[in-house]
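Please read the following briefing alongside the sequence and the three-dimensional view.

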Amino acid sequence: MLNQRVYNAINDQINAEIWSGYMYLSMSAYFSSEGLNGFANWMRVQWQEELSHAMKFFDYVVERGERPILKPIDAVPEKWDSAMHAMEETLKHEQKVTSLINNIMDVAIEEKDHATKSMLQWFIDEQVEEEAGAQEIIDSLKLLDGKGHGIYMLDKELKARQFVDETAE
Ligand code: FEO
């Protein structure tokens, strides 16, 4: 049995995680159309990660004996001005997700829901990685300053990213 405020906040977060995944899949399509297949791959892995985040919340609600409510997914952007623009939007979005997770943690603390606090700690730690991953690519793009060969090399590097379901650990 989940506290009602905690339940509502987690249902909203399931939606937010799926929306995030949907946005990254849209970014993957954008990068493919720009011929940046490594960036496209990185975003595709990001889509898989977000779905695994959504499922971690979903499974938690089920485990607590409640029924997750799946709300409509809003439309996502389709176009960005450049790789840098897309990565800056990624970082901004992850910072927003961090604040959403922090808000759920605040609710869990207010409601003295220790089990939910424990589950949320994984997401608090994960968000540090999520922000750092986007920042790292932005830093590389800044160093390359639009130089074609360097971006080609970075694109190759991003092609190697593979999905690892960290929620299963
Ligand atoms: Fe589910 Fe990118 O945070």
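His53 is found in helix α2, where helices are DSSP runs of H or I with at least four residues, numbered from the N terminus. At 1% relative accessibility, His53 counts as buried, a term that means under 20% relative accessible area, with exposed meaning over 50% and partly exposed in between, for a 1.4 Å probe and protein chains only. The model is predicted, so local features need pLDDT of at least 70 and side-chain atom pairs count only at pLDDT 80 or more, while totals for chains, interfaces and linings use all residues. Residues are numbered from 1 along each chain as its sequence is written, and side-chain values use heavy atoms, with hydrogens and water left out.

**Surroundings of His53 and the aromatic rings**

- Leaving aside neighbours within four places in sequence, His53 is in contact (heavy atoms within 4.5 Å) with Glu17, Trp122, Phe123, Glu126, Glu130 and Thr167.
- A search of the whole structure finds 5 aromatic pairs, for which rings of Phe, Tyr and Trp (its six-membered ring) must have centres within 6.5 Å, with planes under 30 degrees apart counted as stacked, over 60 as edge-to-face and the rest as tilted.
- The rings of Trp122 and Phe123 form an edge-to-face pair, because their centres are 4.9 Å apart and their planes stand at 80 degrees.
- Trp122 is partly exposed at a relative accessible area of 22%, whereas Phe123 is buried at 0%.
- Tyr30, Phe31, Phe39 and Trp80 are linked into a cluster by ring pairs.

- Helix α1 spans residues 4–33, and its 30 residues reach 44 Å from the first C-alpha to the last, close to the 44 Å expected at 1.5 Å a residue; the expected span is 1.5 Å times one less than the number of residues.
- The N-terminal end of α1 is capped by Asn3, which has a side-chain oxygen 2.9 Å from the backbone nitrogen of Arg5.
- Just after α1, Gly35 takes a positive phi of about 80 degrees.
- Ile14 lies in α1 and is buried, with a relative accessible area of 2%.
- Beyond neighbours within four places in sequence, Ile14 is in contact with Ala54, Phe57, Phe58, Pro68 and Leu70, and its C-alpha is separated by 8.7 Å from that of Lys56, 42 residues apart along the chain.

**The nonpolar cores**

- The largest nonpolar core has 24 residues, and those with the most contacts inside it are Phe31, Phe39, Met87, Ile137 and Leu141; such a core is a set of buried Ala, Val, Leu, Ile, Met, Phe, Trp, Tyr and Cys residues joined through side-chain atoms within 4.5 Å.
- At least two residues of this core come from each of α1, α2 (37–63), α3 (83–110), α4 (114–144) and α5 (148–158).
- Apart from this core lies another, of 18 residues, which includes Val6, Tyr7, Ala9 and Ile10.
- Leu141, leaving aside neighbours within four places in sequence, is in contact with Phe39, Ala83, Met84, Met87, Gly146, Ile151 and Leu154.

**Helix α5**

- The buried residues of α5 are Gly150, Ile151, Leu154, Asp155 and Leu158.
- These residues lie on the same side of α5 because they cover an arc of only 140 degrees around the axis, the arc being that of the directions from the helix axis to the C-beta atoms.
- Among the elements that cover the buried residues of α5 are α2 and α4.

- Helix α3 has 28 residues and reaches 41 Å from its first C-alpha to its last, close to the 40 Å expected at 1.5 Å a residue.
- His85 is found in α3 and counts as partly exposed at 24% relative accessibility, and its side chain reaches the backbone nitrogen of Asp81 at 2.9 Å.
- Lys112 is placed in the loop between α3 and α4, is exposed with a relative accessible area of 64%, and has a phi near 55 degrees, a positive value in a residue other than glycine.

Definitions and conventions. A polar contact is a pair of N or O atoms within 3.5 Å; within protein, one must be able to donate a hydrogen and the other to accept it, and residues adjacent in sequence count only if both atoms are side-chain atoms.
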